[in-house]
Amino acid sequence: MASMGLQTSVNSSIDLRSTIGMAKDPNCPKPDGKKAIELFDIPDSDKINDITMLPGKTFKQRKLPVSIEDQKYIQNCLAKHGDDYHSMMRDIKTNDMQHTESKLKRMASRFYLLTEDQVKVEIPEKVQHLMTCCRDNEE
């Protein structure tokens, strides 16, 4: 094997018993002295790419958690079905992008959290009680 340029025991330098023990504890230092880095998921709502920018505004005024197109889309779905996300998902005419039930819930929950300044579409009557900006006016 050596004449072909291959090594016979490539992984012989790794002690399997010590790597299994260290794999269970992420804070345990690795053989080279470095600690393992814990990875975590970034929620969809915190992604920078999902923030829509409006031209001619300051940076603080430009950020919209829900784009205007998504606001129009979810507004049409909410106007027809209210907060029944299962029937909203199955309706192909209003949900022409065929979003799943969980995706529609996420879009709607972001839409509900918008302030009056961020809402760029008319709020359907079926869901006005769920909007945070409308709840403040009722009290």
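Reader: Which residue's side chain is joined to that of threonine 94 by a polar contact, and at what distance?

Author: In this predicted model, a polar contact of 2.9 Å joins the side chain of threonine 94 to the side chain of aspartate 91. Threonine 94 sits in the loop between H4 and H5.

Reader: Is threonine 94 buried or exposed?

Author: One reads this from the relative accessible area, with buried meaning under 20%. Threonine 94 has a value of 18%, so it counts as buried. Apart from neighbours within four places in sequence, its contacts are Tyr73, Cys77, Lys80 and His81.

Reader: How many salt bridges does the structure hold, and which residues form a salt bridge with a closest N to O distance of 3.0 Å?

Author: A salt bridge is read from the separation of a side-chain nitrogen of Lys or Arg and a carboxyl oxygen of Asp or Glu, which must be within 4 Å. The structure holds one salt bridge. Lysine 80 pairs with aspartate 91, and their closest N and O atoms are 3.0 Å apart. Because lysine 80 belongs to helix H3 and aspartate 91 to the loop between H4 and H5, the pair ties together parts that are 11 residues apart in sequence.

Reader: How does the span of helix H3 stand against the expected value?

Author: For a helix, one compares the distance between the end C-alpha atoms with the span expected at 1.5 Å a residue. H3 has 14 residues and reaches 20 Å, close to the expected 20 Å. Glycine 82 follows H3 and has a positive phi, near 65°.

Reader: Which residues of H3 are buried, and against which elements do they pack?

Author: The buried residues of H3 are Gln71, Tyr73, Ile74, Gln75, Cys77, Leu78 and His81. Helix H4 (85-90) and helix H5 (101-112) are the elements against which the buried residues of H3 pack.

Reader: Glutamine 71 is a polar residue in that list. What does its side chain lie beside, and what is its accessibility?

Author: Glutamine 71 is in helix H3, which covers residues 68-81. Its relative accessibility is 0%, and therefore it counts as buried. A polar atom of the glutamine 71 side chain lies 2.8 Å from the backbone nitrogen of lysine 120. Beyond neighbours within four places in sequence, glutamine 71 is in contact with Val66, Phe111, Leu114, Gln118, Val119, Lys120 and Val121.

Reader: Which residues have the most contacts inside the largest nonpolar core?

Author: Such a core is traced by joining buried nonpolar residues through their side-chain atoms. The largest one here has 20 residues, and those with the most contacts inside it are Ile74, Leu78, Met88, Phe111, Tyr112 and Met131. H3, H4, H5 and helix H6 (132-138) are the elements that give two or more residues to this core. H5 gives the most, with five residues.

Reader: What does methionine 88 touch?

Author: Not counting residues up to four places away in sequence, methionine 88 touches Ile74, Cys77, Leu78, His81, Gly82, Asn95 and Leu104.

Reader: Where is serine 87, and with which side chain does its own make a polar contact?

Author: Serine 87 is in helix H4. Its side chain makes a polar contact of 3.4 Å with the side chain of histidine 81. Serine 87 is partly exposed, because its relative accessible area is 23%. Its C-alpha atom is 8.7 Å from that of glutamate 101, a residue 14 places away along the chain.

Reader: What is the phi of glutamine 98?

Author: Most residues other than glycine have a negative phi. Glutamine 98 is a non-glycine residue with a positive phi, near 55°. It is found in the loop between H4 and H5, and it counts as exposed because its relative accessibility is 56%.

Reader: How many helices and strands does the chain have, and what percentage of its residues count as buried?

Author: The chain has six helices and zero strands. Of its 139 residues, 25% count as buried. The accessible surface of the chain comes to about 10700 Å², and carbon and sulfur atoms hold 52% of that area. Among contacts between residues at least 6 apart in sequence, 41% join residues at least 24 apart.

Terms used:
Residues are numbered from 1 along each chain as its sequence is written. This is a predicted model: local features need pLDDT of at least 70, side-chain atom pairs count only at pLDDT 80 or more; totals for chains, interfaces and linings use all residues. Side-chain values use heavy atoms; hydrogens and water are left out. Helices (H or I, at least four residues) and strands (E, at least two) are DSSP runs, numbered from the N terminus. Buried means under 20% relative accessible area, exposed over 50%, partly exposed in between (1.4 Å probe, protein chains only). A polar contact is a pair of N or O atoms within 3.5 Å; within protein, one must be able to donate a hydrogen and the other to accept it, and residues adjacent in sequence count only if both atoms are side-chain atoms. Contact means heavy atoms within 4.5 Å. The expected span of a helix is 1.5 Å times one less than its number of residues. A nonpolar core is a set of buried Ala, Val, Leu, Ile, Met, Phe, Trp, Tyr and Cys residues joined through side-chain atoms within 4.5 Å. Accessible areas come from the Shrake-Rupley method with a 1.4 Å probe; for residues, only the protein chains shown count as cover.
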